[in-house]
Structure formats: C-alpha cells, structure tokens
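Me: Could you take one part of this model and walk me through it closely? I am new to it, so please go step by step.

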Amino acid sequence: MGDVDPAFVQDPEHRPKLSPIQVDGIPIVDLSPVTNPTVSDPSSIEGLVKEIGSACKEWGFFQVINHGVPLSLRQRIEKASKLFFAQTLEEKKKVSRDETSIIGYYDTELTKNVRDWKEVFDFLAKDPTFIPVTSDEHDDRVTHWINTSPEYPSNFRDILKEYIQEVEKLSLKLLELIALSLGLEAKRFEEFFIKDQTSFIRLNHYPPCPYPHLALGVGRHKDGGALTVLAQDEVGGLEVKRKTNQEWVGVKPTPDAYIVNVGDIIQVWSNDLYESVEHRVMVNSEKERFSIPFFFNPAHDTEVKPLEEMTNDQNPSKYRPYKWGKFLVHRKGSNFKKQNVDNIQIYHYNIA
Ligand SMILES: O=C(O)CCC(=O)C(=O)O
Ligand SMILES: [Fe+2]
C-alpha cells in the first residue's frame, strides 16, 4: 500500500492510542448448554440467556466459546484467506467488486470518508442475493448480487460455502438466545431470514502499516445489520467503545472464540434496549492481521421497526420503519465513493 496517502489519515480526535487499554471485561459466554446435549438442561439454558442479555445491555459485544463451529473448518478458511491475499494485486483484481457488482475483492473502502488500511474479499451466503436497484424509496425495482469465482486457492468457494453454513447455524442460535433474553419467543426473528437473506462473509486483511498512529484498519463505525459473528486472529487490534465511559478498549484475542456484536437492526427491534456499539480496528507496524466477520442480515424487503412486544404507552416506538435493503444499498454506495454527507445511520429514522 506504499507511502502514507492523506486519504488514510484520521482526524486527530479519531487517531488511536498506540498502547490501548486491554480489558478482560468483554464477557466470554460458554454456549455448551445449546451445543452440547449432555450439559443441556432448562436451568443452564436460563443462565445462558441471562448472561447474553446482560452482555448485550452492558457491552453490545460478547465472545462465545463451545460454539459448535469446527476448529478444523476455521483453520481451513483462515489458510485459504491467507493464500488468496498473498496473490498479486493483478490476480486479486480479477474478482474485483465494482459499482454495479458489489461483491468480491477491493482495497479502497471508506469508513466515514477516510480510507481503511485493509483489503477485503466479500462472499454472499445466498447466491443470488436479491436487493433493490437503488436506495430511492420510490424505486421498486429489484436486482440481484452474485458471488465471484476466484481461481485460487482451488477449493476456495467450497470452503467459503461450508464455513458460511456453520457460522449461519451459530448466528441463528444466537438470535434465538437474544430473542429469549428480550422475553420473546425463541423463533421470533426467524421469519426475517428464512425466505431470503442478505448475509455475507468478509475476509479482512490488514497489512502492516508504517503509520499506525495516523491510520485505522477500519474507522469507527456501527454494524448496520442484525448480528455480526467475527473470527479474529491472535494479533489483536479490534477496539470497542465501552458504554460506561465512552473509552476505547481492546478486545483481547481468545483462541477459537467468536466475537459477537449487536447490529443496528437489533437496536431498532429492541427499541434501544440493546445498543449497537461503535468499534474500530487498529493497525500494527510489524504484523499483518486477518479477521473474518459474518454479517447476518435479513431479507432486503424486511421492514425494520421496533417490535410491538418491545413498545407500549410508557415506552413508545423510537424509530420510523425503514426497508433494510434500501439502507444496505445506500451504505454500500457511500462506502465506495467519497461524499460530502455522512453515511446513512439509524438515527436518521429516530422519532423526535
Ligand atoms: O477486523 C475486525 O476485527 C472487525 C472488522 C469490522 O468491524 C467490520 O468489518 O465491520
Ligand atoms: Fe464492524
């Protein structure tokens, strides 16, 4: 990525501290009660639901262990990701994303109009994935996105598909536990994902950066979807804005764990009971870092609004409904081109 380009330089107030506070505070939740039948009894599930509810309220982030995704599969996708990114730029650009076909390789993402120090490969859970043509709410046309077919490594697509299947299973389980923690039926959210979904997996590669005090791997942001399930490697760099004091804290890598965070859609569904928390990624002058988030997103025509069960006369709905697909198309467009206005955010739908 060469010399520092002003496009990568964060405004002074958003630059990272080089020795961030590392905390153990982000809860580690053991999913054995739902993944291992021998420890599954009603009281252990009840305890698990409580733990997840508190983590969602206090942090918006938690880590899970004994999650059911086979370690060997995770190792295979990590290896495939390294092989893919180790290719020449010319090879990687053969599966580039562009303004119309939004899925594939790219190294020019902007977060809040500042360029991220990373390269990325996106792959859809459903191929094709149906999506509105434009973010204009009066435009009813629907198109679809499809996956690219990288030639190398040779079994890349199969590994991606197999991995997505497992992490999607985990995401559905997590969503059930989150529903229970909100006092809802376990399957309350399923309808938004079953028919169609717009979920995708992202392989992130953060090369070593000579200016880690100026740039970020991913600038501060909130995830727009329902839930993110992230595998990070042993290097570390993910920082979360702690709700209690608004301080940036590092998420210490836990081997084989997944980091789960509540996205904007759960914030809206829960009428702000669970908040989508800001996070960012620091880069490192010596080590490269890899991570693999799975963005679990509903069907494009899902109307996102606070659930009836979560609102009443004392706690009226805080958001106007919006169509998820329109929101996603808007986001994708503004992450690609530099614009003078801020990216779309859920607060734009706040009821004053
Ligand atoms: O790489 C990471 O640890 C997190 C990446 C992230 O937040 C994102 O891609 O939305
Ligand atoms: Fe994120």
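Reply: Let's start at proline 153, in the loop between strand β9 (142-145) and helix α5 (DSSP runs numbered from the N terminus: helices H or I, at least four residues; strands E, at least two). The model is predicted, so local features need pLDDT of at least 70 and side-chain atom pairs 80 or more, while totals for chains, interfaces and linings use all residues. Residues count from 1 along each chain as written, with chains lettered from A and ligands numbered from 1 in written order.

The peptide bond from tyrosine 152 to proline 153 is cis, and its omega is near -10 degrees. Most peptide bonds are trans.

After α5 comes glycine 183, with a positive phi near 80 degrees.

Now for its partner. On the α2 side, the contact is made by Leu48, Val49, Ile52, Gly53 and Cys56; α5 contributes Leu177, Ile178, Leu180 and Ser181 (C-beta atoms, placed from the backbone, within 7 Å). Sorted by class, this contact of α2 with α5 holds seven nonpolar residues, two polar ones and no charged ones (nonpolar: Ala, Val, Leu, Ile, Met, Phe, Trp, Tyr, Cys, Pro; charged: Asp, Glu, Lys, Arg; polar: the others, Gly among them).

Another cis peptide bond joins aspartate 127 and proline 128, where omega is about 5 degrees. Proline 128 sits in the loop between β7 (119-124) and β8 (129-132). Lysine 112 has a positive phi, near 50 degrees, in a residue other than glycine. You can find lysine 112 in the loop between β5 (110-111) and β6 (114-115).

To recap, α5 is followed by glycine 183, and the loop between β9 and α5 holds proline 153.

Methods: Two residues are in contact if their C-beta atoms, placed from the backbone, lie within 7 Å.
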